[in-house]
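Work through the exercises below with the structure open. Each task is followed by its solution.

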Amino acid sequence: MTIKEQLIVSLDFPDIQQARSLMHLLSDDVIFYKIGLQMYLKYGSSIVEEWKKAGKKVFLDLKLSDIPNTVSSALLSLQPLEVDMVNMHALSGMNCMKVAAETIQSHMPNTRLIAVTVLTSLDENELTAIGITNSPQRQVETLCRLAFQAGLSGVVSSAWEAPQVKSICGPTFITVCPGIRRSSDQTNDQIRIMTPQKAILNGADYLVVGRPILQSNDPKQAAISILKDIEMAHNRGNS
Ligand code: C5P
């Protein structure tokens, strides 16, 4: 995997023109984009097709969660789009993840199915309030083990849990990490945040970045500075 592929820019915009302008501005520096509910619900398959046609990789962040048959059927509906990555909630359960993984392996072998473990906006108090008494870290450990056993390709977690995920599931099990903030960035609603460099050193394979790039006065420079941080982490890791 190249350094550029490790940065996934999140297209969290209300309007497709803003997303197009960003893709144009970032040009060859960014090749991987995340299309989430905001854009997909408004523009549907056409936005994914447009990004793929432009030669970009697409992570379709739909966070699917339902009974096994419904999740599997939803994934089959995405087959023609040939997305590079798609996700579901690990809290949908082991059986649901197994059925979903089988669907992906049989019909969409080039798509990686990733499980959302604990949202990076949730801390221990938030988990307790919804009846989960595990710490975020413990909960990620439990859910990544299930996702691995079910045959998924990796998980979404904060970069804080990436070392545990790698030690439980092995080095080839992918860690996709949002909640990435440089020291100069605003935290926004994210709680379990980490800098790009530290996240890579911690074992994150992909960094999902939204507002630090989207809301920057100079989005291209922001993306380049994050790519440099990724490169520095690799250099530090190799030295
Ligand atoms: O703007 P920011 O960098 O916080 O964007 C993070 C992106 O990652 C958002 O699109 C959000 O939906 C997504 N995400 C997340 N936490 C997860 C999974 C996805 O923040 N656990």
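**Exercise 1: Ligand contacts**

Find polar contacts of the ligand (pairs of N or O atoms within 3.5 Å).

Solution. Start at Arg211: one of its polar backbone atoms lies 2.7 Å from an oxygen atom of the ligand. Next, take Arg181, where a side-chain N or O atom is 2.8 Å from a ligand oxygen. Then go to Ser10, whose side chain places an N or O atom 3.0 Å from an oxygen of the ligand.

The model is predicted: local features need pLDDT of at least 70, side-chain atom pairs count only at pLDDT 80 or more, and totals for chains, interfaces and linings use all residues. Residues are numbered from 1 along each chain as its sequence is written, and side-chain values use heavy atoms, with hydrogens and water left out.

**Exercise 2: The shell**

Sort the residues of the shell around the ligand into nonpolar, polar and charged.

Solution. Count nonpolar as Ala, Val, Leu, Ile, Met, Phe, Trp, Tyr, Cys and Pro, charged as Asp, Glu, Lys and Arg, and the others, Gly among them, as polar. The shell then splits into six nonpolar, four polar and five charged residues.

**Exercise 3: An aromatic pair**

How are the rings of Phe32 and Tyr206 arranged?

Solution. Rings of Phe, Tyr and Trp (its six-membered ring) pair if their centres lie within 6.5 Å; planes under 30 degrees apart are stacked, over 60 edge-to-face, the rest tilted. The structure holds three such pairs. For Phe32 and Tyr206, the centres are 5.7 Å apart and the planes at 85°, so this pair is edge-to-face.

Notes. Polar contact = N/O pair within 3.5 Å; in protein donor to acceptor, adjacent residues only side chain to side chain.
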